[in-house]
Amino acid sequence: MRILVLGGTRFIGRRVVEALVARGDEVLVVHRGQSEPEGGPACPHLHADRRHFAAVAGRVRDFAPDAVVDTYALTRRDVEAVLPHLPDAHLLVLSSVDVYQAFEALLTGDRTPVPVPFGEDAPVRRSRHLYRGKGMGLDDYDKLDVEPAYLARGGTALRLAMIYGPHDQQRREEPVLRRVRAGRERIPVGPGTALVTRLHVDDTAAAVLAALDRPAAASGEVFNIGETTSYSMHGWMRLILQAAGHEAELVQVADDVLPADLALTGATVPHVLASSRKAADLLGFRPRDPAAAIADSVRWHLAHPPADAFTDFAEDDRALSSVSR
């Protein structure tokens with residue numbers, strides 16, 4: 001197939017491009033040109049900011065893609081700048097489970113009961129623009145503004161769970177791994193009972209390929225994409241420690257003394273548990289064993305530590321001093 005990828009140089013997009021090229025697809029990547037992945041797959045790149053996508057629309061039409069994968073549409077304007085210039089082809093946009101009410105409860109502390117696991121017909125958020133005014137540069141971010149226009153053209157939206165793996169800029173395992181590197185033997189945590197659906201970046205790419213290969217089943221549809229087995233926060237942390245070959249005691253402390261980077265282990269954190277049954281049934285999506293996937297990710301991150309690794313554990317020491325051994 002001939003696949004146009006929008007984005008495609010960082011984390012998820014990078015892995016999607018690698019998977020497409022590896023199986024023999026002809027790929028054209030359109031991105032801003034701000035990053036070129038070292039050792040990335042050999043395929044042509046066009047440099048264009050999304051706002052100026054019209055300037056390269058002719059070259060995109062000449063490429064005549066069978067499908068388009070938009071890996072980095074974050075806002076309504078991101079879509080409006082690109083979608084009118086895309087040729088008739090199977091369109092696939094990466095979205096997020098943050099569209100659901102359950103995710104809103106995670107961020108806001110809303111204790112309204114939300115049934116889990118939730119499917120694609122679950123209630124979506126009542127509020128919009130979750131990160132507006134928080135200094136993250138994401139004031140207009142909202143996947144609920146992104147999905148409708150793609151779906152209206154018969155496109156496919158993949159609502160991705162919490163993604164982890166090699167090249168993850170958010171370094172999901174870092175709250176544990178920074179303590180592993182420092183040799184910490186006691187880690188302050190809350191009850192750690194929350195269940196959160198996660199997904200290795202390799203399985204994300206596999207889901208994209210599965211949707212591209214089944215356009216009849218995927219067109220006009222929304223799919224949750226996540227692992228079929230979810231661990232509690234404590235279970236997830238123990239898997240990371242095990243993969244790192246490090247022994248540490250998880251010491252339960254009160255929520256009000258939890259270190260900020262371990263807040264998700266708190267007592268009031270709700271479950272964000274998404275069902276991927278629809279993707280399994282219609283697309284044949286089968287993620288790998290999460291224990292093996294986590295181990296793979298941990299090995300990569302240990303071999304590629306952040307340049308600005310956090311080394312101040314005063315919060316840990318204060319929290320641990322609040323409980324007796």
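Begin by selecting Phe 63, which counts as buried because its relative accessibility is 9%, under the 20% cut-off. The model on screen is a predicted one, and Phe 63 sits in helix H2, residues 57–63. Show the surroundings of Phe 63 and, leaving out residues up to four places away in sequence, you will find that it touches Arg 2, Ile 3, Leu 4, Glu 26, Val 27 and Leu 28.

Seven strands form an open sheet in the order S3-S2-S1-S4-S5-S6-S10, paired in parallel. At its edges are strand S3 (45–47) and strand S10 (222–225), each of which pairs on one side only. Viewed along the sheet, neighbouring strands are turned against each other by 20° on average, direction ignored.

Within this sheet, pick out strand S5 (residues 90–96) and strand S6 (residues 156–160), which run parallel and are joined by five bridges; here Ser 96 is placed opposite Leu 160 of S6.

Helix H1, residues 11–22, lies across strand S1 (2–6), strand S2 (26–31), S5 and S6, and runs at about 160° to S2. Helix H7, residues 201–213, also packs on the sheet, where it touches S1, strand S4 (67–70), S5, S6 and S10, with its direction at about 150° to that of S5.

Stay with H7 and colour it by accessibility: 10 of its 13 residues are buried, so the helix is mostly covered. Among the buried residues are Val 201, Asp 203, Thr 204 and Leu 212. From its first C-alpha to its last, H7 reaches 19 Å, close to the 18 Å expected at 1.5 Å a residue.

Finally, turn to the nonpolar cores. The largest contains 37 residues, and those with the most contacts inside it are Phe 118, Ile 187, Met 237, Ile 240 and Ile 294. At least two residues of this core come from each of helix H4 (101–108), strand S7 (162–164), helix H6 (174–181), strand S8 (186–189), helix H9 (233–244) and helix H11 (290–303), and H9 gives the most, with seven. Centre the view on Ile 187, whose contacts beyond its neighbours within four places in sequence include Arg 179, Met 237, Leu 241, Glu 249 and Leu 320. A second, separate core of 34 residues can then be selected, with Leu 20, Val 69, Leu 92 and Ile 163 among its members.

Terms used:
Residues are numbered from 1 along each chain as its sequence is written. This is a predicted model: local features need pLDDT of at least 70, side-chain atom pairs count only at pLDDT 80 or more; totals for chains, interfaces and linings use all residues. Side-chain values use heavy atoms; hydrogens and water are left out. A nonpolar core is a set of buried Ala, Val, Leu, Ile, Met, Phe, Trp, Tyr and Cys residues joined through side-chain atoms within 4.5 Å. Buried means under 20% relative accessible area, exposed over 50%, partly exposed in between (1.4 Å probe, protein chains only). Helices (H or I, at least four residues) and strands (E, at least two) are DSSP runs, numbered from the N terminus. Contact means heavy atoms within 4.5 Å. Two strands pair if DSSP finds at least two bridges between them. Axes are lines fitted to C-alpha atoms, for helices over the stretch in contact, and angles run from 0 to 180 degrees between N-to-C directions. The expected span of a helix is 1.5 Å times one less than its number of residues.
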